[in-house]
Amino acid sequence: MDNHGRVINYLRLAVTDRCNLRCFYCMPEEGIDWLSRKELMSYEEMLLICSVLVKHGIEKIRITGGEPFVRKDIMSFLTDLSKLDGLKQLCLTTNGVLTAPLVPELKRIGINSVNLSLDTLDRNRFFAITHRDEFLAVMDTMQALISYGMDVKLNAVVMDGKNIDDIIPLVALTKDLPVSVRFIEEMPFNGGASHYTALKWDYVKILETITAHYPEIKKIADPANSTSYNYHIPGHKGNIGIIAAYTRSFCGSCNRIRITPLGMLKTCLYDNGVLNIKDLVRQGHNADSLMAEISNVIGKRYKDGWEAEKNGNHVSMASIGG
Ligand code: SAM
Ligand code: SF4
């Protein structure tokens with residue numbers, strides 16, 4: 001539990017900062033200064049940290065990046081993680097470029113929930129946003145995830161002048177597909193690209209746009225610790241979520257910590273990293289002393305993302321994990 005009474009039971013682990021897309025809201029087209037292999041934590045190091053955290057209350061781990069599937073041997077790491085005693089849920093976030101053929105194996109090792117990033121249903125707009133022509137591969141992944149019965153969330157960052165025309169078609173996907181389409185406010189984590197000045201599409205404006213088209217939309221219950229406001233359109237198979245990622249309306253119930261590809265522990269998305277956990281592991285700290293250091297920073301957690309941001313930088317989201 002943190003110093004504000006929030007129970008911490010969810011870890012987001014970014015296994016690489018590398019990526020096979022260049023989403024303009026996440027990183028510049030030329031990429032970022034990728035970490036060297038030595039700077040990244042090894043799978044053994046990550047497994048050790050995860051096992052310590054799971055012993056002390058982490059119940060859910062989300063693997064993210066960069067793009068998790070560009071890291072070599074990721075499937076055997078996922079298999080090892082899935083065997084951690086006490087871990088209730090292992091899930092992941094992917095851009096879907098390399099994921100489709102791996103879906104049966106993901107399912108086999110017990111991954112039942114995948115967040116797939118999909119900002120547009122138009123191939124040309126996909127290219128304009130990501131600088132890569134991989135739309136069809138991502139569609140294949142979406143189909144594979146659905147046909148294997150995964151709990152699928154489609155994440156769309158809402159960007160002024162880029163994919164506003166996609167909001168309604170993305171909502172329409174929920175008519176026949178059992179997916180949750182989640183619209184995310186754009187955050188200023190683009191690794192130095194300069195387009196972000198102010199948030200133009202906040203959750204209120206996103207909801208107004210959807211409601212104008214679907215006046216019958218209904219608010220549904222938000223699961224505990226949910227970062228999204230959730231809605232359902234009567235007669236649709238799937239649901240809609242809106243994530244106020246910039247407005248930060250969910251900090252009061254935040255149950256998550258993050259570990260970056262560099263091995264920094266973050267107790268808030270907006271902080272700068274509060275503990276170099278990789279260094280501690282490399283210095284030979286044992287499980288107890290690692291946990292003592294982690295408990296110490298969890299006991300000094302910022303109240304919310306606004307407080308954390310005062311000491312934070314707006315690096316690329318690929319260096320954080322989302
Ligand atoms: N590469 C994977 C992917 O794109 O799904 C996983 C890592 S990505 C950093 C995780 C999530 O962060 C994605 O859903 C992405 O859309 C979101 N994201 C990245 N940059 C963002 C930004 N500036 N504002 C809001 N969301 C962002
Ligand atoms: Fe890559 Fe994901 Fe960032 Fe897009 S959002 S550039 S897919 S890490």
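A: Let us begin with the word we shall need first: contact means that heavy atoms lie within 4.5 Å. Please keep in mind throughout that this is a predicted model.

Q: Which residues in α6 meet which residues in α7?

A: From α6 come I167, I168 and V171, and their partners in α7 are T209, I210 and H213. Sorted by class, the residues of this contact are four nonpolar and two polar, with no charged residue.

Q: At what angle do helix α6 and helix α7 pack, and how far apart are their axes?

A: Helix α6, which covers residues 167-176, packs against helix α7, residues 203-213, at an angle of about 65°, and the two axes are 10 Å apart. Angles of 65 to 115 degrees count as roughly perpendicular, and α6 and α7 are therefore described as roughly perpendicular to each other.

Q: Is the crossing of α6 and α7 left-handed or right-handed?

A: The crossing of these two helices, α6 and α7, is right-handed.

Q: At what angle do helix α1 and helix α9 pack?

A: Helix α1 (residues 43-55) and helix α9 (residues 287-298) pack at about 70°, with 10 Å between their axes, so α1 and α9 are also roughly perpendicular to each other. In this contact L48, V52 and L53 of α1 meet A287, L290, M291 and I294 of α9, and the contact is made up of seven nonpolar residues, with no polar and no charged ones.

Q: How many residues does the largest nonpolar core have, and which have the most contacts inside it?

A: As a general idea, nonpolar side chains tend to be buried together in soluble globular proteins. Here the largest nonpolar core has 100 residues, and those with the most contacts inside it are L13, I61, I63, L78, F183 and I210. If we set aside neighbours within four places in sequence, I63 is in contact with a list of residues including L13, V15, I74, F77, L78 and L92.

Q: Is R248 buried or exposed?

A: Buried means under 20% relative accessible area, and R248, with a relative accessible area of 6%, is therefore buried.

Note on methods. Residues are numbered from 1 along each chain as its sequence is written. Chains are lettered from A and ligands numbered from 1 in the order in which they are written. This is a predicted model: local features need pLDDT of at least 70, side-chain atom pairs count only at pLDDT 80 or more; totals for chains, interfaces and linings use all residues. Side-chain values use heavy atoms; hydrogens and water are left out. Axes are lines fitted to C-alpha atoms, for helices over the stretch in contact, and angles run from 0 to 180 degrees between N-to-C directions. Helices (H or I, at least four residues) and strands (E, at least two) are DSSP runs, numbered from the N terminus. Angles under 35 degrees count as roughly parallel, over 145 as roughly antiparallel, 65 to 115 as roughly perpendicular and the rest as oblique. A crossing is left-handed if the near helix is turned anticlockwise from the far one by less than a right angle, and right-handed if clockwise. Ala, Val, Leu, Ile, Met, Phe, Trp, Tyr, Cys and Pro count as nonpolar, Asp, Glu, Lys and Arg as charged, and the others, Gly among them, as polar. A nonpolar core is a set of buried Ala, Val, Leu, Ile, Met, Phe, Trp, Tyr and Cys residues joined through side-chain atoms within 4.5 Å. Buried means under 20% relative accessible area, exposed over 50%, partly exposed in between (1.4 Å probe, protein chains only).
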